[in-house]
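These are my notes from going through one chain, element by element.

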Amino acid sequence: MTKRHDDIFDAVLSGAPEKRKTGDKGRATARFLKRGNAISDRLSGENEEKTLHWVDPASCRMWSRHNRDYDLLNEETCSDLIEGIRAQGRQEFPAVVRRVDDPDFDYEVICGARRHFAVSWLRANNYPQFKYLVDVRDLSDEEAFRLADIENRDREDISDYERAVDYAEAVKLYYGGKQKAMAERLEVSEVWLSRYLELSRLPQEIVSAFPSVRDLRELHARSLKPLLKDAKSREALLACARDISRQQQSARTGQGGFIEAQKVVSALKSSSVGPKLKKPLKQTYAAPSGGGEITASRRGKKLQIEVPTTMTRADLEGALARLLDAEF
């Protein structure tokens with residue numbers, strides 16, 4: 001997690017001032033205590049003592065909206081964590097869970113899927129003494145979503161596409177479909193969020209054309225967006241994607257090798273036959289929030305941009321970002 005996202009995480013969890021740092025061990029302890037004890041300060045305005053629990057990981061289920069695909073976790077992807085817990089003799093940082101009314105489980109995991117897998121793997125592979133360290137919290141679904149997002153936003157083992165799908169579901173479930181409200185709650189720019197929502201709307205044919213969802217990046221969606229907008233190029237692109245998907249599926253069953261992501265993108269881009277589409281002389285670009293639009297007019301090799309004086313800076317930045325994506 002970057003320092004910025006660590007600060008946001010702390011802001012969600014607590015408004016409390018930072019504790020004095022006392023070396024590396026002190027820094028880890030301070031961060032551990034803040035994460036472990038401060039969520040109620042921010043979300044309910046109350047201070048309360050929290051007790052951590054060592055539990056059997058089998059008593060915990062994954063939250064249905066956890067932003068990590070648990071089925072993609074394995075010994076290889078969690079090797080660093082497995083080795084770290086084994087070397088330390090215990091799990092260092094607690095997972096965040098909440099109680100559930102379920103005869104088969106006591107808790108569901110909000111943050112800590114990899115830790116859950118690592119401890120479960122160790123217990124099943126000659127280390128039955130290990131238990132799962134959890135911090136039990138009383139969280140709404142929206143609070144759980146924000147906490148999980150901030151915790152995992154910089155993790156490379158969560159793909160852009162997994163995160164995009166998570167955001168697309170969250171904006172409907174928790175923010176009434178209002179992208180601006182969601183961006184404010186997550187403390188990200190509306191343009192940044194808009195790009196991930198665009199990624200989530202990619203046709204399934206294109207998603208299946210990649211070796212796995214982990215290989216599908218937000219940048220890929222941006223580069224394919226112009227081809228998907230035009231009816232003719234879209235048809236050719238989707239046909240190409242279906243052909244690639246069949247080859248990738250064969251690779252998944254052990255027949256042949258995978259086509260790597262960059263080659264997939266190149267093939268999809270070159271699938272559109274015929275002359276390059278001529279751009280219109282005048283094009284409008286609306287702000288993602290709906291707060292006005294700018295107009296770009298072609299003058300030879302130049303673009304003349306008209307901006308309403310009533311637009312806010314945020315709306316203008318959003319509209320300009322869309323112009324840059326389309327033109328460059």
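**Strand β8 and its sheet**

I began with Leu303, which sits in strand β8, residues 302-306. I kept in mind throughout that the model is predicted.

I looked up how open Leu303 is to the surroundings. Its relative accessible area is 30%, so I noted Leu303 as partly exposed. Leu303 also belongs to a nonpolar surface patch, together with Ile305 and Val307. The three share about 200 Å² of accessible area.

Next I asked which strands make up the sheet with β8. I found an open sheet of 3 strands, ordered β6-β7-β8, with antiparallel pairing. β8 and β6 (282-286) are the edge strands, each pairing on one side only. Ignoring direction, neighbouring strands in this sheet are turned by 25 degrees against each other on average.

I then checked the pairing of β6 with β7. Strand β7 covers residues 293-299 and runs antiparallel to β6, with 5 bridges joining the two. I picked out Thr284, whose bridge partner in β7 is Thr295.

Helix α14, residues 313-327, lies across β6, β7 and β8. I recorded its direction as about 135 degrees to β6.

**The sheet containing β5**

I moved on to the other sheet in my list. It is open, has 5 strands and mixed pairing, and its order is β1-β5-β3-β4-β2. Here β1 and β2 (60-62) are the edge strands, and each pairs on one side only. From one strand to the next, the twist averages 50 degrees. Helix α5 packs on this sheet and touches β2, β3, β4 (105-111) and β5. I noted about 130 degrees between the directions of α5 and β4. Helix α6, residues 141-152, also packs on the sheet, where it touches β3 and β4. For α6 the direction makes about 50 degrees with that of β4.

Is strand β5 buried or exposed? I found β5, residues 132-136, mostly covered, with 5 of its 5 residues buried. Both of its faces are covered. Tyr132, Val134 and Val136 are buried on one side, and Leu133 and Asp135 are buried on the other.

I went through the pairing partners of β5 in turn. Strand β1, residues 52-55, pairs with β5 in the antiparallel sense over 4 bridges. Trp54 stands opposite Leu133 of β5. Strand β3, residues 95-102, pairs with β5 in the parallel sense over 3 bridges. Val97 has Val136 of β5 as its bridge partner.

**Around α5**

I looked at the loop between α5 (113-124) and β5, and found Pro128 there. Setting aside neighbours within four places in sequence, Pro128 is in contact with Leu122 and Arg123. I also checked Pro128 against Asp56, 72 residues apart along the chain, and found 9.9 Å between their C-alpha atoms.

Last, I looked up Leu81, in helix α4, residues 79-88. Which residues does Leu81 touch, not counting those up to four places away in sequence? I listed Arg114, Arg115 and Ala118.

Conventions. Residues numbered from 1 in each chain as written. Predicted model: local features only at pLDDT ≥ 70, side-chain atom pairs only at ≥ 80, totals over all residues. Heavy atoms only, no water. Patch = residues over 30% accessible without salt bridge, like charges linked within 9 Å, V, L, I, M, F, W, Y side chains within 5 Å. Areas by Shrake-Rupley, 256 points an atom, 1.4 Å probe, with all protein chains shown as cover. Salt bridge = Lys/Arg side-chain N within 4 Å of Asp/Glu carboxyl O. Buried < 20%, exposed > 50% of the residue type's maximum accessible area, 1.4 Å probe, protein only. Pairing = 2+ DSSP bridges. Axes fitted to C-alpha atoms, helices over the stretch in contact; angles between N-to-C directions. Contact = heavy atoms within 4.5 Å.
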